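Let's take a walk through a protein model together.

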Amino acid sequence: MKFVRELLRFTLIAVGILFFVLPIYASSLFAFQENDGSFTAKPLQSAAQNEELMESLFLTLQIAFGTVVLTLLLLIPTIAYLHLVIPGARAWVEFLTLTPLVIPPIVQGVGFLYSMPTSFKATPYALIFAYVILALPFSYRAIDAAFSTIDIRTLYDASRSLGARFITVIMRVLIPNIATGIFGAIFLTIALVLGEFAYASLLLWDTFPTMLAVAGLSDASTAVALSVVSLIGVWILLNALTLFNRRDRQAVPMGGR
Amino acid sequence: MSQVQLRGVRKEFGKTVALDDFNLTIPDGSLVTLLGPSGCGKTTALRIIAGLIKADRGYTFFDSTEMTDTSASARDIGMVFQAYSLFPNMTARENIEFGLRVRKEASNSIRTKSAEILEIIGLEPHQDKYPHQMSGGQQQRVALARAIVIRPKVLLLDEPLSALDAQVRDQLRDEIRRVQREFGITTLFVTHDQEEAMSISDQVGVMSKGSLLQLGTPESVYSNPVNPTVARFIGTTNQIPVQIASHKAHLFDTQYEISPASDYSPNSLKRTALVRPEEIKLNKTNNDSGNAIISAISFLGPTSTIELTMPQGLVIKATMSSKDASMYAINESVNSSVTSTSLLITDGE
């Protein structure tokens with residue numbers, strides 16, 4: 001019985017790994033393998049020489065940075081307020097944050113286009129506002145979960161009784177104790193912005209994903225090589241987060257509170 | 001240090017009245033304890049003094065300064081919570097220094113004050129530990145140090161010992177009292193543990209259903225409760241059925257005066273005398289003609305408790321020195337009586 005259970009577990013893990021690794025492996029072979037079986041970095045070199053592609057990557061990183069900043073500025077005080085003052089509203093807000101997952105991008109994109117002031121429509125940075133909303137299901141949950149692991153009410157009251165103002169409480173007490181949640185939100189938001197295609201395409205902006213699609217039409221191996229590199233990049237980011245999370249817990253665990 | 005006053009305070013949570021026309025004065029430099037069962041409003045009163053919740057009505061004063069609308073961060077208070085409230089991202093010393101840094105004190109002064117207080121509470125060896133590396137008792141010591149290092153006008157202690165085991169609780173209780181006296185800080189202590197309240201306080205306030213029933217020294221509250229509710233809540237009481245006739249209480253074939261603090265209805269058929277175990281006196285009898293049988297003897301060190309079964313099956317307790325108790329044996333018939341001259345009477349059985 002134990003043998004069957006072990007076998008089943010091994011099989012499930014093996015299938016799971018194959019499911020993720022096989023497409024990356026196949027894409028890597030397609031992008032980096034020459035006809036004679038040797039490997040080459042030419043697709044990446046040609047990507048680096050593609051100015052439009054590099055500009056779009058730079059623009060996307062800027063948008064990602066803006067999205068992260070706006071997300072944190074919006075969510076940290078809001079979630080702190082929800083936990084402290086109106087905890088009963090948390091379920092409703094959580095439900096609201098899930099709506100970007102169920103409304104089709106075309107509906108969101110058109111709605112977004114019409115609701116934006118004209119001056120905003122003229123700049124790709126308007127995508128920041130759209131991406132903040134798109135990332136909400138992930139960023140909200142990451143930060144909300146981190147707040148749930150600490151006794152925010154007691155920490156807040158203790159800080160206030162010691163003379164700290166609200167902003168001091170946020171900066172010196174709450175943020176350091178929800179750091180793992182904040183990093184989770186940051187990495188998930190960056191991953192989303194680096195891979196978001198629908199909005200940028202609908203709004204006709206040349207971000208990295210849309211340029212990647214265009215590049216793929218003329219030079220498939222370059223597009224696939226960049227996809228593999230960005231996928232591995234995001235994977236490394238998420239693993240760094242997990243590692244950071246573990247080290248952080250060893251240094252300052254929330255347990256035993 | 002300040003005298004603290006709550007005047008005519010009312011606070012409701014939904015349909016529940018937590019405090020109703022609540023008045024309390026904490027004299028300058030004294031330690032007053034609010035004692036009462038869960039939900040009686042004691043923590044609400046403390047949090048109103050702290051400024052962490054707003055009263056619906058009434059005023060808060062520190063000396064002659066009205067603080068009713070002053071925010072918690074501007075009240076100059078120190079507070080220790082029931083839950084461990086140290087900041088998990090800071091060491092013991094950083095926690096202690098937090099209030100001083102918020103006040104933007106000079107670095108030298110911060111170092112000197114934190115070193116001084118760490119020495120006073122005996123936690124110097126643990127100053128660089130994070131909260132999760134310390135025991136519950138050590139964490140509460142640091143929380144106490146953090147609260148008093150800023151030299152607050154008022155120290156507020158919200159059941160700070162309730163999460164600790166008995167031995168640590170006793171040690172920390174003594175430490176709180178020592179430090180409070182040393183610094184002379186006006187202190188409000190909230191607890192539901194009467195032993196804690198009696199041992200630590202200059203004055204004890206007994207609360208029930210949002211009202212302060214009695215405020216006085218531990219001795220006066222114990223010996224002269226203003227009503228049966230206070231008597232029942234403070235210490236142990238025997239509830240013994242009693243007859244009332246001609247304005248006298250009749251118990252164990254003896255007449256007693258009725259205490260003015262009694263509270264019973266003239267039409268009530270069943271009345272009860274509330275008698276402390278130490279007020280029950282036993283006398284040996286030569287035969288089995290006593291009015292009670294000893295059913296158990298519990299040795300508690302210097303004192304012992306003797307359990308007596310009365311003829312109607314009622315069981316009451318008598319407390320005496322262990323030396324006196326050693327003269328009695330289980331199943332022995334004895335004569336019991338009450339030493340006090342007046343009895344506190346209430347309705348019911």
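How many Å separate the centres of domain 1 of chain B and domain 2 of chain B, taken over C-alpha atoms? The answer is 39 Å. Keep in mind that this is a predicted model. To find the two parts on your screen, look for residues 4-229 of chain B, which make up domain 1, and residues 239-347, which make up domain 2. The two domains do touch: domain 1 of chain B gives four residues to the contact, and domain 2 of chain B gives five. If you sort the domain 1 side of that contact by class, you get three nonpolar residues, one polar residue and no charged ones.

Next, let's look at a sheet in chain B. Six strands form an open sheet there, in the order β6-β7-β8-β3-β9-β10, and the pairing is mixed. Which strands stand at the edges? They are β6 and β10 (211-216) of chain B, and each has a single partner strand, so one side of each has no neighbour in the sheet. Going from one strand to the next, the sheet twists by 20° on average.

For a parallel case, pick out strand β3 (residues 31-35) and strand β9 (residues 203-208) of chain B, which are joined by four bridges.

Now for a pair of helices. In chain B, α2(B) packs against helix α3 (residues 107-120) at an angle of about 130°, and their axes are 10 Å apart. That angle makes α2(B) oblique to α3(B). The crossing of α2(B) past α3(B) is right-handed. From α2(B), the residues that meet α3(B) are B:Arg93, B:Ile96, B:Glu97, B:Leu100 and B:Arg101, and their counterparts in α3(B) are B:Ile110, B:Lys113, B:Ser114, B:Ile117 and B:Leu118. By class, this contact has five nonpolar, one polar and four charged residues.

Finally, zoom out to where the two chains meet. Chain A and chain B each put 21 residues into their contact. What classes of residue does the side of chain B that touches chain A have? It has 14 nonpolar, six polar and one charged.

Technical notes. Residues are numbered from 1 along each chain as its sequence is written. Chains are lettered from A and ligands numbered from 1 in the order in which they are written. This is a predicted model: local features need pLDDT of at least 70, side-chain atom pairs count only at pLDDT 80 or more; totals for chains, interfaces and linings use all residues. Two residues are in contact if their C-beta atoms, placed from the backbone, lie within 7 Å. Ala, Val, Leu, Ile, Met, Phe, Trp, Tyr, Cys and Pro count as nonpolar, Asp, Glu, Lys and Arg as charged, and the others, Gly among them, as polar. Two strands pair if DSSP finds at least two bridges between them. Helices (H or I, at least four residues) and strands (E, at least two) are DSSP runs, numbered from the N terminus. Axes are lines fitted to C-alpha atoms, for helices over the stretch in contact, and angles run from 0 to 180 degrees between N-to-C directions. Angles under 35 degrees count as roughly parallel, over 145 as roughly antiparallel, 65 to 115 as roughly perpendicular and the rest as oblique. A crossing is left-handed if the near helix is turned anticlockwise from the far one by less than a right angle, and right-handed if clockwise. Domain bounds come from an automatic or database domain assignment.
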